[in-house]
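Good morning, everyone, and thank you for making time for this. I would like to walk through one structure, chain by chain, for those who have not seen it before.

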Amino acid sequence: MQAIANSVEPGFWTKASKGDAKWNEPAMVKTLDIWKQLFSRGIMQEGAIGYQQYPDANNDFLTGKYAMVMMGTWYTQYSTEKAMTAALKAAGVSGAKPFPILPIQFPNVGGNTSEMFGDADYGLSISTKAKDKAAAEAFVTWLTTSQAGQQAVADQLNDVPALKGIEPNFEEINFVDPATQEAPVKDLLAKVAPVTQPRFALLNQDVQDAIFQAAQSTATGKATPEEAANTLQEAAAAAQ
Amino acid sequence: MAGTSIAERGLREKPAPAAGGGRRSRRLQPQGLHWILPALVLSVGLIYYCIWYTAVISTWDWDGIDPNPERVGAENYIRIAQDPIFWKTIQHTIVFFVVTFVLQTALGLIFAVLLHSKVKLAVVYKVIIFIPVVLAPAITAPVFRQIYAPDGQFNSVLEFFGLGFLAQPWLGQESTALAVIMAVTVWQWTGLTFVLYFAAMGQIDQSLLEAARIDGAGNFRTLIHIIWPGVRGTTLALAILSAIGALKTFDIPYLITVGGPNYATEFLGTYIYRKTIPQSHVGYGAALSIILLVLALVMALILQVRGGEKRVVR
């Protein structure tokens, strides 16, 4: 939804998340309409509403049923041979043969290039009741601020390192097919570094739920985009 | 010996009895009370303490972590009364209870009747019918997700029999998702109904059945007029279990459809979980839990009273 909104009117989503714009403005109605068309025009497969990102979409993509899947930068980890093989096994493919995956830009569905967005994936915390607090603190500090620790994070291709200037060591990383994968992955990681638009950080759980509701009701045709946007605005206002 | 003397001492320490009633109640005081007291305190105390604590939390607006919860009185309950999703869960629970109870009872009874007659390899059939009961929902749910997927085995079977026009995304539509949940539940619990009815039917007096035969009653008549009334106690017990099960149901709807699509398979259990854990509205979830408790007690009472009345009439 955010990706579509970014293509319709760049910057709108963040404004609405902060409360500087309303969720039932024309930009959101158009976003919901484009979303609805994904279903009404048969672009999404039948029964997609009951389909879950994990395990359904993930497993079906990895087992070769679908050519494209919408995930995020964390999926880059599967472009390596080792991780892809493990993921295929987990998805239940016997005799797993890894195949190359590539990142592509979100399609221009609303007239503008869709700006990327992202947050911190998770936070690290130390329990106040921990027995070895000093050791834990030392480890967390090492992992998040030292070059060696951040290099280890970067090389997994799962999270983008927080420390500036750290890049994955591509000499050590084994792509499934370096000829096709290396350039797009490097390009993606370069583009990701300057991203400032948040994903979940500005939205509390109730607003996220309301957005989910709006998405479901428009996709199933239970509400028009205008109605869904109005309901969303009411819920978001109540949740503040 | 020690037990008797303690009891005697207890009796002597009590003040002079009031009218006859007092004397009777003292004699009924179970001697073993002292021995079961620890276990009683633990189980009952813990349960009742937790219920009381939940009732207290239900008057807070709390996220479960904040050391200063906001006290809002009955506001959670008022919001629940106006919550369309809550009423949806009630509606789903009622539909779920009625449909699954009727189907499970009918199927369980039929299987029990069939397997009471002379059938070869009856034990094999009994095992097959009962196995779903012992399978963990965590295991059966992904399998059923696969079966009912738009490209799953259920649609393939329909197409094989030329019923391809019926093939649809069973889990992806609000109209059919609940039906799938009910079907899975009936599949899972019919075995239990069967086993209980099988045992209950074994208790029916053989001479009654023989008399009916002699009087010319056919199979169907015997079923309706002799067997069905004869297993009334089991039916009542199953009704109470089914009602409380319907109120509690969580694993099947959560694992197969996660309460969706669009809350079409949301039940009280899944809604309480959704509100309490991912959304951190612990007070609201607690209020829902209290309502669940009240509903369960009311259901149990109604069913007991109805069952009791029937017994008196007989």
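Predicted model: local features only at pLDDT ≥ 70, side-chain atom pairs only at ≥ 80, totals over all residues.

**Chain A, then chain B**

Let me begin with chain A, which, read along its sequence, follows the pattern α-α-α-α-α-α-α-α-α-α. In chain A the secondary structure comes to 10 helices and 0 strands, and the C-alpha atoms fill a box of roughly 50 × 45 × 35 Å when taken along the principal axes. Of the 240 residues in chain A, buried ones make up 24%. If we take the contacts in chain A between residues at least 6 apart in sequence, 62% of them join residues at least 24 apart.

Turning now to chain B, we find 15 helices and 2 strands. Chain B has 314 residues, of which 29% count as buried, and among its contacts between residues at least 6 apart in sequence, 67% join residues at least 24 apart.

Is L297(B) buried or exposed? L297(B) is exposed, because there are 11 other C-beta atoms within 10 Å, and a residue counts as exposed when that number is 12 or fewer. As for its position relative to another part of the chain, L297(B) and I244(B) are 53 residues apart in sequence, while from C-alpha to C-alpha they are 8.9 Å apart in space.

Technical notes:
Residues numbered from 1 in each chain as written. Chains lettered and ligands numbered in written order. Helix = DSSP H or I, 4+ residues; strand = E, 2+ residues; numbered from the N terminus. Buried ≥ 20, exposed ≤ 12 C-beta atoms within 10 Å, placed from the backbone. Contact = placed C-beta atoms within 7 Å.
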